[in-house]
Amino acid sequence: MISSRNLRFSYSPQKKFSFPDIQCGNKETLLILGQSGRGKTTLLHLLALLLKPESGEVRIADKSSNALSQEELTSLRARNIGIIYQRPHFVSALSVLDNLLLPNFLVNQKQDKVKAVQLAEQLGFTEHLSKKTHQLSQGEQQRVSIARSLMNNPNVILADEPTSNLDDVNCQKVIQLLKAQSASIGASLVVVTHDQRLKDEFSNQVIL
Amino acid sequence: MNLLKISLANLKEKKLNSFLSALLLTLGIGMISLLLLLNKQLDEQFRKNIKGIDMVVGAKGSPLQLILSSIYQIDAPTGNVPLAEVNALRRNPFVKTVIPLSMGDNFQGFRIVGTTPKYIEHFGAKLAQGQVYNASLEVTIGNKVARMTNLKVGDQFSSAHGLDQAGEKHGEKKYKVTGIFSPNGSVVDQLILTRLSSVWDIHEHAEEHSKGSSEKSHEEHHKPLPGQAEPEPDEENKQVTSALVQFRNPMGLLTIPRQINDNTSMQAALPSIEISRLFSLLGVGIETLRALAMIIIGIAGVSVFVSLYNSLKERKYEMALMLSMGATRTRLFLMLLIEGLLLAVVGYFAGILLSRVGLSLFSSAAEQDFHYSLKGFGLLKEEVFLFFGALFIGAVAAALPSLGIYRLNISRTLAEE
């Protein structure tokens, strides 16, 4: 579960953002819609604890992030938030499987190969596990990054424009997978996008 | 998965860059290591054979040539000197031993040296088979000679005149092998040792043949050989090539060489001085090569630096990604450091291997030309230091660009792409 109150952020005195409060419980979904330049990515980075807000508060799994040190923030993020970026990025030297195991390794958890293979089966890229990521198509890469975001059983899944580079068929597929996967682990799913195709898929919406 | 695996994967991803960095390190390390090996080998070979020889006397000419020909058996002799003058040295109270040498013939490129039993004693040669030569035209051969020529005890052979195989054959008289020395690492390994009188006999006979018949030499030929009874022959009108001299005390060093140079037809050469001179001549070349190797290692360091710097720029997003997934900056720094260290380790071992290959090539060339072989492929103490030097260069070259990890702005990097 994730919530925010009175979030404000400024890159410079001219470029200030203040964001509406959001609230997304476990197993719930939330769509944040906004045109470019409205601070969508900034909001996502604030929610993902990658940026520190000027004022306001982000709560994740009932924990306020305000009082935490940099290391505690990193650890909170790594264990509780799965992030899916607009363009899927990977460690290019590693295979798909190793990229999936990377989140486990980086938070010093057991590297769960069984889970990785299971996710690959559910998301339909089992045959690509030993390939390098750049050998996969955009849609396949996006599915791998969804799998990666689930590896640590996060409490919250944040997706930044997960569908904007995909065609209609893949768009549908990806969004259904996201919803199904987050529901199955009981996580909150927050999608930030300008993609109008997703409007009808989410009942909870915030417009920036 | 672990850091090492990620580092290795990153190096494999940039095969050519990694190869170039490792190759440069290999060349630099290989050159330095080869120089160290050669230096040690040459030093050992030269010092070992020089031990206990304070002075060499021989015909006037280049003192270095005299030393090289008489001690190391690698250059042509300077000429002949009367045996009487050499033997006169024995009367000097400062002189402990005088070992006359007589050379001029070879068998398949191995020199036949006429000398006294003191020579064998001096180099500490021990017999492996048979016995030491006793009569004229009997020889005892060094271990390498036996191996290369397949001569066995009891075999007979005729020598060739001069110091290379192309010389005219002395076909009329044959040497007989009575013994073989065990290998002892000194110059004896590559020599065929015999009595002084053998060399005279062979040549008198040859002269006799070419001149027709000379009564005088004929007479001498039939005289009983005094050397046979006496271990250190003293014959008038005979000549030897040179003599190795050992002093009783260092005072000899101050007076005798000058006496010889001023008052006799001979010259005196001091091995320690000549070899130091030779090494200082070689030293310039060695220093130049060493500087060149250092420069190559420096370039290798720069190459590691540049390739890691570039790959870090390309992998900035990956780094931000890993940081967002919970990696600490120190961990990523360590990962990059391991990449540099891996290159250094690979370069080091390839370099050490290369230097051994180089040494064995050099050795076979030296063996062919001088019958000297270079051994000792073990790791030198200096090479252990070289290992830490290589690690240091790899670490520094990797650490400098990798410090950028600590300044990376995760949010901005992730948002930019």
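Student: How many bridges join S3(B) to strand S12 of chain B?
Tutor: Happy to start there: in this predicted model, local features need pLDDT of at least 70 and side-chain atom pairs count only at pLDDT 80 or more, while totals for chains, interfaces and linings use all residues. Residues are numbered from 1 along each chain as its sequence is written, and chains are lettered from A and ligands numbered from 1 in the order in which they are written. Strands (E, at least two residues) and helices (H or I, at least four) are DSSP runs numbered from the N terminus, and two strands pair if DSSP finds at least two bridges between them. S3(B) and S12(B), residues 242–247, run antiparallel, with Leu101(B) opposite Ser242(B), and the number of bridges joining them is 6.

Student: Which residue in S8(B) is the bridge partner of Asp105(B)?
Tutor: S3(B) also pairs with S8(B), residues 160–161, in the antiparallel sense over 2 bridges. There, the partner of Asp105(B) is His161(B).

Student: Why is S3(B) largely enclosed by the rest of the structure?
Tutor: A residue is buried if 20 or more other C-beta atoms lie within 10 Å of its own, exposed if 12 or fewer, and partly exposed in between, with C-beta atoms placed from the backbone. S3(B), residues 95–107, is largely enclosed because, of its 13 residues, the number buried is 11.

Student: Is Ser364(B) buried or exposed?
Tutor: Ser364(B) is found in helix H13(B), residues 329–370. Because 12 other C-beta atoms lie within 10 Å, Ser364(B) is exposed.

Student: How many residues of the side of chain B that touches chain A are nonpolar?
Tutor: Counting contacts as C-beta atoms, placed from the backbone, within 7 Å, 19 residues of chain B are in contact with 24 residues of chain A. Helices H1 (3–13), H12 (316–324) and H15 (410–416) of chain B each supply at least two residues of that side. Ala, Val, Leu, Ile, Met, Phe, Trp, Tyr, Cys and Pro count as nonpolar, Asp, Glu, Lys and Arg as charged, and the others, Gly among them, as polar. That side has 4 polar and 4 charged residues, and its nonpolar residues number 11.

Notes. Contact = placed C-beta atoms within 7 Å.
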